[in-house]
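Dear colleague,

I am handing over the structure below, and I would be grateful if you could look it over alongside the notes that follow.

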Amino acid sequence: AVQGPASERVMELMSPGAGHSRKDFPLFAFRETPWTSGNSEWHTIVARTGYSGEDGFEIFMPNSAAAPFWSALLERGAPLGIQACGLGARDTLRLEAALPLYGHELRDDLNIAASNVAWTIKCEKGEFVGSTHIKSALENGFRQKLCGLEVLDPGIVRDGVLLYSGTSNVGFVTSGTKTPTVNKSIALAYLDYALATPGIEVEADVRGRRLRVRVVPLPFYRRPKAASS
């Protein structure tokens, strides 16, 4: 995955003339592209996708192409500041963009109607697995709602931390850390619907210590328009 504001220029260095502009290669599109290194050529699939909140590409290729592609990527992208990052780094960026992750914000024991991807549900198209429960929640409301939190006291709140208003448990954190772009301790959490309004403050219980957290609008970070043109 090649992600970030310079990803378009990096990919052009990898495949000159292939056309990586938004006009030629829109978001969520994919194309089959041969990639050549020395005397070898591999079949690859390039998609303008990712889960970091930034512009980016994901490249699918045979195992034999992975090592030479990786080496070429780091070499050609060096003048643009490319860096190798793991999934932990990616996770901080998807959190800033408020992108839900299965096992955290999206789980079998949580009704997806309460999440920020409820717009993808089309109950009017007919029955599907879970549609009865989802439709009921959409029509009758749900007890908790996914929202964004900013930690006001020093510290980090992580997945599983419980939220309180006084002595009442009012929710729980699904993802949380201090992130690099907004440079704040932030979290996604399911909070009682009546409290899931920007500006409301509750407390997070971190190993017996209460930290003040405030509900804030989502996403925490939105890439500049200039970076998506």
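Thr 174 counts as buried, because its relative accessibility is 0%, and the cut-off for buried is under 20%. Please keep in mind while reading that this is a predicted model. Thr 174 belongs to strand β7, which covers residues 168-178, and its side chain is joined to that of Glu 105 by a polar contact of 2.7 Å. Leaving aside residues up to four places away in sequence, Thr 174 touches His 104, Glu 105, Leu 146, Asp 159, Leu 188, Ala 189 and Tyr 190.

Strand β2 (residues 30-37) and strand β3 (residues 40-47) run antiparallel and are joined by eight bridges, with Arg 31 standing opposite Val 46 in β3. Two residues lie between the strands in this hairpin of β2 and β3, where Gly 38 takes a positive phi near 65°. Strand β3 is also joined to strand β4 (residues 56-60) by three bridges, and these two strands likewise run antiparallel; here Ala 47 has Glu 58 in β4 as its bridge partner.

**Cysteines**

With a disulfide taken as a pair of cysteine sulfur atoms within 2.5 Å, the count of disulfides comes to zero. As for accessibility, Cys 85 counts as exposed because its relative accessibility is 57%, whereas Cys 147, at 5% relative accessibility, counts as buried.

Key
Residues are numbered from 1 along each chain as its sequence is written. This is a predicted model: local features need pLDDT of at least 70, side-chain atom pairs count only at pLDDT 80 or more; totals for chains, interfaces and linings use all residues. Side-chain values use heavy atoms; hydrogens and water are left out. Two strands pair if DSSP finds at least two bridges between them. Helices (H or I, at least four residues) and strands (E, at least two) are DSSP runs, numbered from the N terminus. Buried means under 20% relative accessible area, exposed over 50%, partly exposed in between (1.4 Å probe, protein chains only). A polar contact is a pair of N or O atoms within 3.5 Å; within protein, one must be able to donate a hydrogen and the other to accept it, and residues adjacent in sequence count only if both atoms are side-chain atoms. Contact means heavy atoms within 4.5 Å.
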